[in-house]
Amino acid sequence: MQRRYFTLIELLMVVGVIAILAGLLMPALSKARSRGNKIACRSNLRQIGLAIQSYTDDYKNVFPRVAVMKSIETDPEIPTIQEVLAQQLGGENSKVFRCPSDRGINGIVGVFTDEEEDSDEVTETNFEYASSNGKSDFENEGSSYEFNTWLAGRRMTNRSGSMLMHDLRPYHGPAGKIGSCNYLFADGRVDDLK
């Protein structure tokens, strides 16, 4: 019985075909992963929205007074949104406040949203983020999301127009480009804005 071996040419052809197939599949897999991360982020924001609604129901429609971010707040007595919502989230808050696409993007220009005083409409302002220390925003701040502190201590008036939280940075998009942010509104909907 004579054994048949692969020749070097046959082996190289098989490796080449596998490399071509992998090259064709990688962009599709990357898009699918990115889309899955965006959906998980939206789910996190919806859970946070339910917790905020539960909090405001308990406190006569008044939003909590919380710190913008733990690294920014100068008064240690003011809690973060994660601390305030711990009871409503059943202690599982660390998972809910982490966007799967949060990688602590360095020096990217983004959009900050706020509400005008006379209206509940969202306004946008461009600004540049400070460089990160190589850690994700969640690792630095305890949250990938930012609470709209303009609402802190105020009574909820227009559930549909009030923006409650959003991604701290535009995490969702192609690598190296400004992506979009997911926004949680008081009526429970989550939309993404570029």
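Hi everyone. A word on ground rules: residues are numbered from 1 along each chain as its sequence is written. What you see is a predicted model, where local features need pLDDT of at least 70 and side-chain atom pairs count only at pLDDT 80 or more, while totals for chains, interfaces and linings use all residues, and side-chain values use heavy atoms, with hydrogens and water left out.

Let's start with helix α1, residues 8–58. Helices here are DSSP runs of H or I with at least four residues, strands are E runs of at least two, and both are numbered from the N terminus. How far apart are the end C-alpha atoms of α1? They are 73 Å apart, which agrees with the 75 Å that 51 residues should span at 1.5 Å a residue. That expected span is 1.5 Å times one less than the number of residues.

Now look at Leu-25, where α1 bends by about 30 degrees, with Pro-27 following within four residues. The bend is the angle between axes fitted to the seven residues ending at a residue and the seven starting there.

Further along α1, several residues are buried, including Asn-37, Cys-41, Leu-45, Ile-48, Ile-52 and Tyr-55. Buried means under 20% relative accessible area, exposed over 50%, and partly exposed in between, using a 1.4 Å probe and protein chains only. Keep this in mind as you look: an α-helix has 3.6 residues a turn, so residues three or four places apart point the same way.

Where do those side chains go? The largest nonpolar core has 29 residues, and Ile-48, Ile-52, Leu-85, Phe-97 and Met-165 touch the most other members. Such a core is a set of buried Ala, Val, Leu, Ile, Met, Phe, Trp, Tyr and Cys residues joined through side-chain atoms within 4.5 Å. The largest share of this core, six residues, comes from α1. Leaving out residues up to four places away in sequence, Ile-52 touches Phe-63, Leu-85, Phe-147, Leu-164, Met-165 and Leu-184; contact means heavy atoms within 4.5 Å.

Most residues other than glycine have a negative phi. Lys-60, not a glycine, has a positive phi of about 55 degrees, and Asn-61 has one of about 65 degrees. Is Lys-60 buried or exposed? At 67% relative accessibility, Lys-60 counts as exposed, whereas Asn-61, at 30%, is partly exposed. Finally, Arg-154 is 93 residues from Asn-61 in sequence, but their C-alpha atoms are 8.3 Å apart in space.
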